[in-house]
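Hi everyone, thanks for making time.

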Amino acid sequence: MGKKQRRGQKEAVEDLLTGRVKLVSFSDLLREVWQGEEPLAVRLNVQLTEYEGGKNREKTARKVRNWMHDRNLPQNREEVFKICFALNLDEERAERILGMTAESGIHYRNPGEMIYAFCLRRGYGYVQALRIREQLLGEIFPNGFPVEETAGADRQPLNLTGYVRQRFQRVMTEDELKRFLESSRERFGLYHNTAYRKFRRMLDCLIRPEISESGLPEDQIYSIRKAVEQYLRMGIPYERRLGGYTRIQREIKQHWPSAKSIYEMCARKTDVDRKTLILLYLATEGENELQTEEMKTVEEHHRRMDLMLSECGMPQLNVQNPFDYLVLQAVCGEDEDDFIGMKMERMIWKIFAGKETEICQTEEK
């Protein structure tokens with residue numbers, strides 16, 4: 001069984017690397033959501049240059065070329081929102097772009113992103129959205145964004161994103177938007193509380209393995225750094241530069257957690273991202289939930305991961321995404337005595353075979 005299982009993983013990796021698996025690239029998604037008659041690249045160049053006040057034309061054109069040839073992805077969420085406004089996207093299509101490039105969709109407890117969502121809903125342009133955003137945030141939050149709640153993992157805060165989003169869907173005018181922001185001021189935060197609670201619970205299974213029933217080592221309490229190296233790194237190269245990597249390697253490597261990023265998530269200096277949550281799920285076998293004979297392991301793991309991502313406002317697993325494809329292949333292994341994380345790690349090593357894996361000290365400090 002073990003030999004057959006490893007052979008299946010090898011075939012899965014070969015299918016991914018040789019193109020036998022159908023993947024959707026960023027440029028494919030842009031072409032799919034764009035509904036105008038103007039050529040897509042021309043539209044992006046014109047609109048993004050306009051947002052820059054006519055400056056940096058060459059830089060903008062270079063970025064657009066790179067996106068259209070899938071050489072890289074937008075660098076931050078603001079850049080993604082600019083693309084959404086440039087293409088006149090609605091909320092639903094904007095969520096797809098954000099989910100592919102920024103690890104989560106629109107965050108409906110972040111007041112700045114909610115204002116952008118309202119403007120996309122109403123068909124406003126980016127410049128108008130910026131004006132409304134600056135005006136409302138200045139009036140309602142004169143001292144800056146709300147301080148993020150740091151409640152413990154066991155506490156159940158009232159400000160759930162789903163509840164806020166449901167109420168927000170009824171907002172259709174600027175006056176209603178202002179009243180909504182004012183009345184919901186105490187419910188806002190920059191980061192995802194649900195994702196943070198799940199993140200801390202799963203991370204605790206790794207750094208305090210004596211409380212776990214998963215078969216993880218019980219003879220020590222791991223530091224975050226050791227836990228990352230032992231369970232989350234999986235052979236991903238440390239170097240930051242992505243030159244020389246294939247598109248598939250770049251997409252898999254992007255947002256891969258390091259000890260430094262995990263520290264920052266724990267301290268709530270940065271938001272918990274989608275890739276980190278999924279890797280923690282693999283490493284903890286879904287928080288060590290017991291399986292029953294009637295339960296189909298693959299289907300149950302898939303269902304639980306999709307549920308976890310949905311609760312956190314993140315896109316569900318998509319077989320056309322290289323990283324998600326590997327995750328689904330890892331849970332499909334026939335050798336049930338092997339950890340899912342170990343199956344994932346073997347495939348990662350195959351995909352990055354030959355790449356430099358020396359530790360980059362500057363990244364981990």
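Before we look at any helix pair: an axis here is a line fitted to C-alpha atoms, for helices over the stretch in contact, and angles run from 0 to 180 degrees between N-to-C directions. And keep in mind that this is a predicted model.

Okay, take helix α12, residues 224–232, and helix α14, residues 259–266: their axes come within 9 Å and cross at roughly 125°. The crossing of the two is right-handed. Who makes the contact? On the α12 side we have Ile-224, Arg-225, Val-228 and Leu-232, and on the α14 side Ala-259, Ile-262, Tyr-263 and Cys-266.

Next, the nonpolar cores. The largest one has 55 residues, and Phe-199, Ile-252 and Met-344 have the most contacts inside it. Setting aside neighbours within four places in sequence, Ile-252 is in contact with residues including Leu-16, Ile-236, Pro-322 and Phe-352. Apart from that core lies another, of 50 residues, with Leu-98, Ala-129, Ile-132 and Leu-181 among them.

Last stop, His-192. You'll find His-192 in the loop between α10 (174–183) and α11 (193–207). Is His-192 buried or exposed? Its relative accessible area is 5%, so His-192 is buried. The side chains of His-192 and Asp-271 are joined by a polar contact of 2.6 Å. Not counting residues up to four places away in sequence, His-192 also touches others, including Ser-104, His-107, Arg-109 and Cys-312.

That's my tour, over to you.

Conventions. Residues are numbered from 1 along each chain as its sequence is written. This is a predicted model: local features need pLDDT of at least 70, side-chain atom pairs count only at pLDDT 80 or more; totals for chains, interfaces and linings use all residues. Side-chain values use heavy atoms; hydrogens and water are left out. A nonpolar core is a set of buried Ala, Val, Leu, Ile, Met, Phe, Trp, Tyr and Cys residues joined through side-chain atoms within 4.5 Å. Buried means under 20% relative accessible area, exposed over 50%, partly exposed in between (1.4 Å probe, protein chains only). Contact means heavy atoms within 4.5 Å. Helices (H or I, at least four residues) and strands (E, at least two) are DSSP runs, numbered from the N terminus. A polar contact is a pair of N or O atoms within 3.5 Å; within protein, one must be able to donate a hydrogen and the other to accept it, and residues adjacent in sequence count only if both atoms are side-chain atoms. A crossing is left-handed if the near helix is turned anticlockwise from the far one by less than a right angle, and right-handed if clockwise.
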